[in-house]
Amino acid sequence: MAFDIEMIEKVYATMAARVDKARELVGRPLTLSEKILYSHLWEGMPSQSFTRGKDYVDFAPDRVACQDATAQMALLQFMHAGKSKVAVPTTVHCDHLIQAKVGATTDLAVANTQSKEVFDFLSSVSNKYGIGFWKPGSGIIHQIVLENYAFPGGMMIGTDSHTVNAGGLGMLAIGVGGADAVDVMSGMSWELKFPKLIGVKLTGKLNGWTAPKDVILKVADILTVKGGTGAIVEYFGEGAKNMSCTGKGTICNMGAEIGATTSTFGYDDSMRRYLAATDRQDIVDAADKVASYLTGDDEVYANPSQYFDQVIEINLSELEPHINGPFTPDRGTPVSKMKEEAIANGWPLKVEWGLIGSCTNSSYEDMARAASIVEQAVAHGITPKAEFGINPGSEQIRYTIERDGIIATFEKMGTKVFTNACGPCIGQWDRTGADKGEKNTIVHSFNRNFSKRADGNPNTHAFVTSPEMVAALAISGDLTFNPLTDTLLNDKGEEVRLNPPTGDELPKRGFDVEDAGFQAPAADGSSVQVAVSPTSDRLQLLAPFEAWDGKNISGAKLLIKAFGKCTTDHISMAGPWLRFRGHLDNISNNMLIGAVNAFNQEANKVKNQLTGEYDAVPAVQRAYKAAGVPSIVVGDHNYGEGSSREHAAMEPRFLGVKAVLVKSFARIHETNLKKQGMLALTFANEADYDKIQENDTINFLDLTEFAPGKPLTLEFVHADGSKDTILANHTYNDSQIGWFVAGSALNLIAAGKA
Ligand code: SF4
């Protein structure tokens, strides 16, 4: 489980020279984000400056982390890359596939039975390929990364959008799809558009009821769920230094809720304290030697508007506790305004549940401060009105807060302690009554509060707030309760006011744990067998995709002309399909079932040109595949937006679709298609979209001359025999054409040619 100090020292050893060179090339002082980016270039020493928001750049991340739902396909692909070991330190975390229902012991036992084959698979692949494996019950990926692996100035990628949490320890940590993770695990570079930069200057000091969570709730309110897109958010100022490292983690975690590429803070004493408390003094000693490179240049923070694309300033001394929601994390309401907002909007005022923990707010400080509110309520004889639950972020946190009596305090108000796992945060909450669809309110300290996210009930109004506010609202049972001004009635009918929360930033007696739940990989994994049952419906070994036969594609049928929005959810739905994320054949039965057919405006109903009958998209495509008939998909603008899940590219590839021709692509999906050996093409003339007809047969006329910058020519033969010739642009460079020729990027890696 030990962090890799040698790797970290290597990063620091080259950092000064690279950052100095970058400063010279850019010709001005640098932000922290730029320092980390320029010191992690794939080429090593910087040789040019990059334009933010424009240039695509190859990077060399230091680490990879995967969670159980996304790791399945990532590792299945990695197994196919022909490597004996991962190229960079990598960990796998079992946290998403565990339901919260009764309480930790029972729920974990159920998960270990229900998902046994998935956990066994992840464990054996990790063992074989040098990957650290965190067992079910060990905790949530991002809390474990913060406790064990994050380090100031580092760069990591993870197959989960809240990977960004590690910015609390001064990293650039970025959520990616499994295919990107496989590249880095296989020793290849990782591409990212050089991000824009948003600076957030924090002045003053948090006080009273206000917590780090309120900073990001306020930022989300200002920037909205799209405001951080394509940007890194860098926090600085006295207010940042006055805050705990774990509080910084909370702020960075929810950077995902504003769409930011990632968020980060400069190295400071709070990070030194946290690293020392988590047994990583070695990192402090190494980081202190390059400390000036682990934060932005002074001039940048003195005149931020000259160096950031956008600057926001927040005075922590004046910041009020916020309660964001319902249904979206960027709808911010200061606690003093909640009463009028809730009544005006008809939100259910009675709070049914309070939930704390998750990867967002599981620190010792969070738990201690929330417990201090519970302790007061118990001491004053106040009976809590709502139910209360905790999902500790890690076994280390759970063990330590149990040792220090914090869990015992929570239990005084009948709190349910769920498994150290995602549980209610990812809809894995078997909540009694949730299936009734009742309109109700819950408050939690997690990060997302979209409809149905916690309990599957679209009428659950979920509000996001700090753990201490969750405790106060759950005790009062009233969404409009303002603990700064209001009183509660105790068992004797007396009015009682709760004092502001208190709690240690770090445990006085240090962290402790008996069994953290870590499994180190075999030193030599060559003899480790990876067992995947051929009859499994959840896991399936991948076979290599076929290489291109070197000929023009001819006689292809139009599978679907998708109309309007077609996100990765339309192409490969989540929800109940989550359980098939490790089985390409089974999950392919959801291919494009959400896409709207432009010819009948219906989802999942397309014409089978071989029979003339209408059927579900996967069924029609399977019929084409069985008949050896190629096909293509046509789409609209921003095709494949949304998540970076590679299933959306692998499914059509697996079922025999040859090309996707659209007005425009979401960048990550376009890359995913290329990586899987598909043709990702755009109309040279968007109006040609209208020429595509339902019974078209398509011939590629010059695929044999496929070259960078040269459009391809496609002939669309209509049912009446007439033809349209259409030019299709593409963005393939030479090496990406190599992926297409080889059948996939992985095939090239496996052949040792990538
Ligand atoms: Fe994602 Fe929630 Fe799990 Fe965090 S706790 S990793 S946000 S599902």
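**Figure 1. The loop that holds Pro326.** Pro326 is found in the loop between strand S12 (322–324) and strand S13 (332–334); helices (H or I, at least four residues) and strands (E, at least two) are DSSP runs, numbered from the N terminus. The peptide bond from Gly325 to Pro326 is cis, with omega near 0°. Most peptide bonds, by contrast, are trans. The model is predicted: local features need pLDDT of at least 70, side-chain atom pairs count only at pLDDT 80 or more, and totals for chains, interfaces and linings use all residues. Residues are numbered from 1 along each chain as its sequence is written.

**Figure 2. Two residues other than glycine with a positive phi, Thr224 and Asn604.** Most residues other than glycine have a negative phi. Thr224 has a positive phi of about 70° and is located in the loop between H8 and strand S9 (231–236). Asn604 has a positive phi of about 55°, and its loop connects strand S23 (596–597) with strand S24 (606–607). A residue is buried if 20 or more other C-beta atoms lie within 10 Å of its own, exposed if 12 or fewer, and partly exposed in between, with C-beta atoms placed from the backbone. Because 17 C-beta neighbours lie inside 10 Å, Thr224 counts as partly exposed. Asn604 is buried, with 20 other C-beta atoms within 10 Å.

**Figure 3. An open sheet of six strands.** The strand order is S6-S5-S2-S3-S4-S21, with mixed pairing; two strands pair if DSSP finds at least two bridges between them. Strand S6 (172–175) and strand S21 (518–519) stand at the edges, each with a single partner strand, so one side of each has no neighbour in the sheet. Strand S3 (residues 90–93) and strand S4 (residues 132–134) pair in the parallel sense over three bridges, and His93 stands opposite Trp134 in S4.

Figure 4. Axes are lines fitted to C-alpha atoms, for helices over the stretch in contact, and angles run from 0 to 180 degrees between N-to-C directions. Two residues are in contact if their C-beta atoms, placed from the backbone, lie within 7 Å.

**Figure 5. The surroundings of the ligand.** In this view, 13 residues surround the ligand, and the closest are Ser358, Cys359, Cys422, Cys425 and Ile426; a residue is near a molecule if its C-beta atom, placed from the backbone, lies within 6 Å of it. The shell divides into seven nonpolar, four polar and two charged residues. Here Ala, Val, Leu, Ile, Met, Phe, Trp, Tyr, Cys and Pro count as nonpolar, Asp, Glu, Lys and Arg as charged, and the others, Gly among them, as polar. The shell draws at least three residues from each of domain 1 (5–317) and domain 2 (341–429 + 437–496); domain bounds come from an automatic or database domain assignment.

**Figure 6. The contact between domain 1 and domain 2.** Here 33 residues of domain 1 are in contact with 35 residues of domain 2. Helix H4 (104–114), helix H6 (141–148), helix H8 (212–223) and helix H10 (245–253) are the elements that give two or more residues to the domain 1 side. H6 gives the most to this side, with five residues. By class, the domain 1 side has 12 nonpolar, 15 polar and six charged residues. The centres of the two domains, taken over C-alpha atoms, are separated by 27 Å.

**Figure 7. The packing of helices H11 and H12.** Helix H11 (residues 269–277) and helix H12 (residues 281–288) pack at an angle of about 145°, with their axes 7 Å apart. Arg272, Leu275 and Ala276 in H11 meet Gln281, Ile283 and Val284 in H12. By class, this contact has four nonpolar, one polar and one charged residues.
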